[in-house]
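Visitor: Please take one part of this model and look at it closely. Show me what surrounds it, then set it in its wider context.

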Amino acid sequence: MADVSIIPETLSQMLTLLSPSPPGWGGNLLRGLVHSLQIALGAFGMGLIIGTLGAYGKLYGSPLVRDLAGIYTTIVRAVPELVLILLLYYAGTDLINRILEMAGYQRIDISGLVAGIVVLGFVQGAYATEVLRGAIKAIPYGEIEAARAYGMSPILMMRRITLPSMLPYALPGLANLWLIATKDTALLAVVGFSELTLETRQAAGTTKAYFLFFMAAGVLYLLTTLFSNLIVGRIEKWARRGMPSVREAG
Amino acid sequence: MSNLTVDTKIEIPLETFPIHKDADPDRPREWMQPHRIVLILIGLALVASAIFFLRWDWLPNYGGLILQGLWRTIWILCVTVFLGFLLAVPLGLAQAAGPAILAVPARWFCTIIRGTPLLLQLWLLYYGLGSLFPQYPWIRGSELWPYLRQAWPYAVLALTLSYAGYEGEVMRGAFAGVPKGQLEAARAFGMRRFTILRRIWLPQAIHRALPTLAGEAVLQLKSTPLVATITVVDLYSVASRIRQDTFITYEPLLLLAAGYLIITGIIVFLFRRLERLVPSRLG
């Protein structure tokens, strides 16, 4: 009898708890996963844009631009994401509302989704800057020289030469960043955005089946990672086409 | 002679052609450029205005608590980095050279740790295991129970496992990267396998991994505020408490960010010293 009380959930009970329809909490978990992925995608995209600008600023910008980019990447990479999220989340929404009030508009409610994307994108941008800067520097010297010798404008050179040929060097770092983005969405649970981790905690707190739900969420995150790895492998194979494989070159 | 001058005239513009400004070795590196002085002045002005215009009167009341939180953060950081590294060495070794029966579980461990958020791992251990333990009478009766009821063992365990997972992957690469000739030479000297590991393989692998270790230590520092979510009183949770007590939003957070910046600086500085201690020419 004591043994039965040790494991209160039998298998069928576990399945009812995890089922996607209302008596179970599976639907909430899946909705949380979708929210997490939305934020991760948005933040990763925003990080890529900031990263491209930052990398170009760091490599080709004026001394002032380079120093500003350096300050941005150093501070963002040295302060914990959780602190940055709190600072940007509260300070950012507060600042926007104050500006709106000063300009004579109504206060607006910034949705958790947008705030999450902007905050995580700002953090991702700093890492993406470093990844892309390294990748651009890894492009063989002669390719850029040749492009200049042909008289390409900077934009054309970026589109035709720099971005395509840096891709194989940047992909491992960017793939890492994508995985970090999916995992960093969990931090938004602390500011109360209902993504996968917070949904899980609510489900666990209501049903008292903490272990089961956290395990289930872990499996969802792990599946996301493994699936991403599969896709990244494909993309990398495509981007490195025609290049010697790493093993042969090493 | 004239031939030579012509040569140099042609070569100079090619050599100094700035592909990337920060890779150009000929560019003079001056610290005190005019724009830097302006930037520093702006920075000082920002700090000064933060000191004068924001509220800092709560600071003396919470001084002791802040120091306590700082100490707890640094303690957790040091303990988990040390324990995590001890765990990472066998994990890396198993993946780099171990038999499949050890390598496959080690790889799975690293994949699972690296594939799920730390916050989730922390909550799984604290809430999940913490809610399972009291159901077992023999655990409640054991010597460890007073510790298992507190939050910090779970925090240390989660952070240690996380660091070991990330670092195990790094150590795998470091072990695999040590040149084969070194190990063959050691074997030719008749060293036993454990002696090879202790004298040749491990030191060189650690040296290879040292720059990454510094980065991972900073990442670990940035993970420590998560323990505040399971009621461990670290620097971050002290700041949250000040915010709840005094209804001041930004000042504690700014102080917190500055504190983490300083600790990061110290970590980077220490690892740079450590890297300089090790001779860098290896075969």
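Guide: Along its sequence, chain B follows the pattern α-α-α-α-α-α-α-α-α-α-α-α. That is 12 helices and 0 strands. Helices (H or I, at least four residues) and strands (E, at least two) are DSSP runs, numbered from the N terminus. This is a predicted model, in which local features need pLDDT of at least 70 and side-chain atom pairs count only at pLDDT 80 or more, while totals for chains, interfaces and linings use all residues. Residues are numbered from 1 along each chain as its sequence is written, and chains are lettered from A and ligands numbered from 1 in the order in which they are written.

The part to look at is helix α5 of chain B, residues 118–132. Start with its partner in its own chain. α5(B) packs with helix α8 (residues 152–177) of chain B at an angle of about 140°, and the axes are 9 Å apart. That makes α5(B) oblique to α8(B). Axes are lines fitted to C-alpha atoms, for helices over the stretch in contact; angles run from 0 to 180 degrees between N-to-C directions. Under 35 degrees counts as roughly parallel, over 145 as roughly antiparallel, 65 to 115 as roughly perpendicular, and the rest as oblique.

The crossing of α5(B) and α8(B) is right-handed. A crossing is left-handed if the near helix is turned anticlockwise from the far one by less than a right angle, and right-handed if clockwise.

Which residues make this contact? From α5(B) come Leu118(B), Gln121(B), Leu122(B), Leu125(B), Tyr126(B) and Gly130(B). α8(B) answers with Tyr154(B), Ala155(B), Leu157(B), Ala158(B) and Ser162(B). Two residues are in contact if their C-beta atoms, placed from the backbone, lie within 7 Å. By class, the contact of α5(B) with α8(B) has 8 nonpolar, 3 polar and no charged residues. Ala, Val, Leu, Ile, Met, Phe, Trp, Tyr, Cys and Pro count as nonpolar, Asp, Glu, Lys and Arg as charged, and the others, Gly among them, as polar.

Now the partner in chain A. The axes of α10(A) and α5(B) come within 8 Å and cross at roughly 155°. That makes α10(A) roughly antiparallel to α5(B). This crossing is left-handed. α10(A) brings Tyr210(A), Phe211(A), Phe214(A), Met215(A), Ala217(A), Gly218(A) and Tyr221(A). They meet Leu120(B), Trp123(B), Leu124(B), Tyr127(B), Gly128(B), Ser131(B) and Leu132(B) in α5(B). The contact of α10(A) with α5(B) divides into 11 nonpolar, 3 polar and no charged residues.

Step back to the interface. In it, 39 residues of chain A are in contact with 36 residues of chain B. On the side of chain A that touches chain B, the elements giving two or more residues are α1 (2–6), α3 (26–60), α4 (63–78), α5 (81–102), α7 (141–149), α9 (196–207) and α10 (210–239) of chain A. α10(A) gives the largest share, 10 residues. That side of chain A holds 30 nonpolar, 4 polar and 5 charged residues.

Take helix α4 (residues 100–115) of chain B. Its buried residues are Ala106(B), Cys110(B), Ile113(B) and Gly115(B). A residue is buried if 20 or more other C-beta atoms lie within 10 Å of its own, exposed if 12 or fewer, and partly exposed in between; C-beta atoms are placed from the backbone. The cover over the buried residues of α4(B) includes α10 of chain A, with α3 and α8 of chain B. With 16 residues, α4(B) reaches 22 Å from its first C-alpha to its last, close to the 22 Å expected at 1.5 Å a residue. The expected span is 1.5 Å times one less than the number of residues.

Then helix α11 (residues 235–246) of chain B. Its end C-alpha atoms are 17 Å apart, which agrees with the 16 Å that its 12 residues should span at 1.5 Å a residue. Buried here are Leu235(B), Tyr236(B), Ser237(B), Val238(B), Ala239(B) and Ile242(B). They pack against α5 of chain A, together with α3 (59–97) and α12 (250–277) of chain B. Phe247(B) follows α11(B), and its phi is positive, near 60°.

Last, the two chains overall. Of the 283 residues of chain B, 30% count as buried. Chain A has 250 residues, and buried ones make up 35%. Chain A comes to 11 helices and 0 strands. Among contacts in chain B between residues at least 6 apart in sequence, 77% join residues at least 24 apart. In chain A, residues 24 or more positions apart account for 73% of the contacts with a separation of 6 or more.
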